[in-house]
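Please read these points beside the model.

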Amino acid sequence: MILCPARLEPTFSPRPWGSHSLAPLFPEMSNLAEPYGEAWMTGSDCLFANGPFAGKKLGEAWPDMPVAWKGTASEPATPAPGGEFPLLVKFIFTEDKLSVQVHPDDHYAARHEQTAGGRGKTEMWYALRARPGAEVLVGLKPGVTIEQLKRAIAEGTAEHCLAHVPFLPGEAMFVPAGTAHTIGPGLVLCEIQQHSDLTYRLYDYNRRDAKGQARPLHVEKALDVIRFGKQIGGKVEPLRIQRGPVTETHYAACQYFATEKWEFAETADAPTSRAHFDLLIFLEGSGAIAWGVESADYAPAQVWLIPAALGEYQLKPNSPTSLLRTYVPNDLTELGRRLVEQGISGDEWSRLVHR
């Protein structure tokens with residue numbers, strides 16, 4: 001089996017809260033006739049652009065990929081149903097508020113949502129761009145009860161029950177399943193999540209789609225899964241370390257994904273782990289990924305799947321580059337130990353781990 005970095009082509013989804021232009025990330029998606037809100041970078045319908053799976057959809061190729069691509073680690077604790085790729089990466093573009101919503105956890109989804117995939121949704125957001133005053137609403141305000149939230153939903157004031165959090169470029173939010181949330185206008189985000197599209201809407205501002213139809217609400221299920229009391233999501237306090245020419249910023253790690261940002265302006269060595277594949281999500285800069293005697297050019301708004309057994313490779317920038325690296329960790333304890341060896345205290349690391 002050929003081993004090489006493999007780029008995935010995005011698919012795009014219209015959304016009533018989206019934008020009529022996804023430039024500059026996707027300059028070909030400008031002057032759109034309807035608003036588009038999401039670019040799915042690792043959706044099941046995303047095509048491989050190169051390598052041994054070129055022309056195949058990720059959802060078709062993934063179940064039969066050899067361990068040299070997937071990694072030697074066992075499947076996640078709650079593997080994606082039907083052998084789906086475990087991580088869904090999106091770019092999100094907001095010109096209006098998203099619905100007030102919540103996602104179920106794996107346990108609830110397995111009992112109630114088998115026909116919709118049966119898998120919960122924990123996610124994180126990284127802000128690429130933000131207009132002045134942009135914010136997200138993440139988690140309930142202290143003291144909000146289920147009775148208060150029910151009343152607010154009926155009165156159309158559900159968002160008043162959520163914590164308003166200003167969101168700036170370079171910041172990250174961790175949003176575990178069960179956390180009520182919405183995203184405000186004026187943001188471009190990279191979302192990393194479990195491969196699930198289960199969303200329960202509490203309130204959607206009485207919006208209508210292009211056909212005049214209201215999107216369905218799921219209030220009863222939402223109230224079943226919302227976390228009341230102490231909230232565990234919200235803005236991340238990242239940790240930074242220097243690895244040669246690379247500044248690594250670590251944001252969050254849980255059983256579903258671990259995510260960090262790499263920033264570099266010189267050639268950077270990048271080893272793989274045989275335990276898991278990596279995803280490289282390029283945000284800024286251009287250059288080449290080099291392995292063996294081969295190379296491939298990278299550019300912003302590209303996602304590359306790096307096979308677990310690829311071994312050492314290099315990133316050779318033509319201009320200062322930033323990317324998000326994300327993967328499914330096989331051992332959070334081992335990840336913490338590695339960072340402690342690089343000078344991060346156990347207490348510092350523990351605040352980024354969500355078990």
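1. Terms and source. Helices (H or I, at least four residues) and strands (E, at least two) are DSSP runs, numbered from the N terminus. The model is predicted: local features need pLDDT of at least 70, side-chain atom pairs count only at pLDDT 80 or more, and totals for chains, interfaces and linings use all residues. Residues are numbered from 1 along each chain as its sequence is written, and side-chain values use heavy atoms, with hydrogens and water left out.

2. Glutamate 248. This residue belongs to strand E15 (residues 246–254). Is glutamate 248 buried or exposed? With a relative accessible area of 2%, glutamate 248 is buried (buried means under 20% relative accessible area, exposed over 50%, partly exposed in between, with a 1.4 Å probe and protein chains only). Its side chain makes a polar contact of 2.4 Å with that of arginine 243. Such a contact is a pair of N or O atoms within 3.5 Å; within protein, one must be able to donate a hydrogen and the other to accept it, and residues adjacent in sequence count only if both atoms are side-chain atoms. Neighbours within four places in sequence aside, glutamate 248 is in contact (heavy atoms within 4.5 Å) with residues including Leu239, Ile241, Lys261 and Trp262.

3. The seven-stranded sheet. An open sheet runs in the order E2-E3-E4-E11-E6-E9-E13, with antiparallel pairing (two strands pair if DSSP finds at least two bridges between them). Strands E2 (11–19) and E13 (234–235) stand at the edges with a single partner each, so one side of each lacks a neighbour in the sheet. Strand E11 (residues 187–194) has eight of its eight residues buried. Eight bridges join E11 to E4 (residues 87–94), and seven join E11 to E6 (residues 123–130). Glutamine 193 in E11 stands opposite leucine 88 and also opposite glutamate 123. Two bridges pair E9 (residues 172–175) with E13, where methionine 173 stands opposite lysine 235.

4. Helix H4. The buried residues of H4 (residues 146–155) are Leu149, Ala152 and Ile153. They cover an arc of only 100° around the axis, which puts them on the same side of H4; the arc is that of the directions from the helix axis to the C-beta atoms. These buried residues pack against strand E7 (135–140), strand E12 (200–203) and helix H5 (219–225). Glu147, Ala154 and Glu155 are exposed on the face turned away from the buried side. Just after H4, glycine 156 takes a positive phi of about 75°.

5. Alanine 301. The loop between strands E20 (294–298) and E21 (302–306) holds alanine 301, which counts as buried at 7% relative accessibility. Its C-alpha atom is separated by 6.9 Å from that of isoleucine 281, 20 residues apart along the chain. Beyond neighbours within four places in sequence, alanine 301 is in contact with Leu25, Phe26, Met41, Phe91 and Phe282.
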